[in-house]
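Open the model in your viewer and keep the sequence panel in view. The stops below say what to select and what is there.

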Amino acid sequence: MTVVGGPTLPQERRLITPIPGPASQAIHARKLSAVARGVGTMLPVYVVAAGGGVLVDADGNSLIDFGSGIAVSTVGNSAPGVVSAVTDQVHAFTHTCFMITPYDGYIAVAEMLNRITPGAHEKRTALFNSGAEAVENAVKIARAFTRKPAVVAFDHAYHGRTNLTMAMTAKSAPYKSGFGPLAPEIYRAPLSYPFRDGGLDGVSAARRAIDVIDKQVGADNLAALVVEPIQGEGGFIVPATGFLPTLLDWCRANDVVFVADEVQTGFARTGTMFACDHEGLVPDLIVTAKGIAGGLPLSAVTGRAAIMEAPQAGGLGGTYGGNPLACAAALAVVDTIERDSLADRADAIGKTMFEQLSVLRAEDDRIGDVRGRGAMIALELVSPGTTDPDANLTKRVAAAAHSRGLVVLTCGTYGNVLRFLPPLSMPDHLLHEGLEVLAEIFREIR
Ligand code: PLZ
């Protein structure tokens, strides 16, 4: 039997059983005895179909999706353009390895990324499989170009789980603890975190970071500064205006490659094609993944031709990087974003969320901050009247949302941030219903 997802699924929240229901629980029991426990599961409802703004589980429950599989199904699950492009490709051929006998789709994705990423300068692109793999390659490329070893990442950063990116990721448990030794030559600089740094302005926050970098690393040793323009896993932290441009200027003046990690923020998520676009920031290298290919594994490093051409021929690659199915999906994703003006849709979703969540915040002093951009919005929860993180409340709100058929995710160094990343195919009535469910929960949980 073929199960059909996509936008034609009934767009409704429908609870037939408790969450998770018996069919999901039976599958979950198999998970526990077959899958390594290191691979966690936030909400064990086992999905059988998804699309528009819903996930349908093995028990027939239909949940509102405020997570997009962590900012991946931006154009919606099984979006029609993606399904048709991937179906055509799967019938043509599934793999030849681009390094062996190449194909046009890879080139078309590189051309597309060179076109849509910030800046009109000459660019090159290389394709990989995961966000972490692309971040690693950005570091390799920056080192090859500058012939310097060090890399700076920021407080609260998340860049992946591979050995190098785990060292760049800030949070120890669960990402790094027990998995050392970590890669050397990774240094950490302080971020701009307006809610927690007393509203320090962006330029001063950048100067504070540059001072640490100057004293503890030295530009002479530094290949790359890697930064998420809006931090994802770290807590949807939007740095103060001026922070990123000041860092970029310093990088330019000091022969340091400025790398924007847009793995979570890219592809219309924040109301512009890339989060860098909000401040007109033109990074040297931009790393993309997640939303790029509607759920097929694909990632990329795109940037200035001179930097991208630094590694020797044959120095970059991998068996699957730029797989033909993923490339077909990526071309369809970007077509869909441009044709349907999905950046504007993200902006509209963001305005609705921001307005309604701000009302909630005004009546609930446990909500310390509402922040984010576009369809990437979060609540930071605290003990009333303080900035003390309340991770326990965050867990309770998320659990209550799940049991009512609303998928929300948490994040943040202190585990006290509720984050919302709806697919841009989310219909308005479900967006409002999801926000109403949240309001109900905040009123009920004390
Ligand atoms: N850079 C900014 O957000 C992935 C990780 C979930 P991969 N974020 C979700 C988890 O717990 O593993 C991410 C990111 C930023 C890099 C990555 C890494 O991307 O595709 O997961 O490797």
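A polar contact is a pair of N or O atoms within 3.5 Å; within protein, one must be able to donate a hydrogen and the other to accept it, and residues adjacent in sequence count only if both atoms are side-chain atoms. This is a predicted model, in which local features need pLDDT of at least 70, side-chain atom pairs count only at pLDDT 80 or more, and totals for chains, interfaces and linings use all residues. Residues are numbered from 1 along each chain as its sequence is written, and side-chain values use heavy atoms, with hydrogens and water left out.

**Stop 1: the ligand**

Select the ligand and Asp261: a nitrogen atom of the ligand is 2.7 Å from an N or O atom in the Asp261 side chain. The ligand taken alone exposes 510 Å², and the protein buries 82% of that (Shrake-Rupley method, 1.4 Å probe).

By class, the shell has four nonpolar, five polar and five charged residues. Here Asp, Glu, Lys and Arg count as charged, Ala, Val, Leu, Ile, Met, Phe, Trp, Tyr, Cys and Pro as nonpolar, and the others, Gly among them, as polar.

**Stop 2: helix H5**

Select residues 131-146, which form helix H5. Helices (H or I, at least four residues) and strands (E, at least two) are DSSP runs, numbered from the N terminus. How far apart are the end C-alpha atoms of H5? They are 23 Å apart, which agrees with the 22 Å that 16 residues should span, taking 1.5 Å times one less than the number of residues. Buried residues of H5 include Gly131, Ala132 and Val135, where buried means under 20% relative accessible area (1.4 Å probe, protein chains only). Just after H5, select Arg147, which takes a positive phi of about 55°.

**Stop 3: the strands**

Select strand E7, residues 222-227: six of its six residues are buried. Strand E5 (residues 150-154) runs parallel to E7, joined by three bridges; strands pair if DSSP finds at least two bridges between them. Val152 stands opposite Leu225 in E7. Four bridges join E7 to strand E8 (residues 257-261), also parallel, with Ala224 opposite Val257.

Finish at strand E4 (residues 123-128): five of its six residues are buried, so E4 is largely enclosed by the rest of the structure. Six bridges join E4 to E10 (residues 299-304), and these two run antiparallel.

How values were computed:
Buried means under 20% relative accessible area, exposed over 50%, partly exposed in between (1.4 Å probe, protein chains only).
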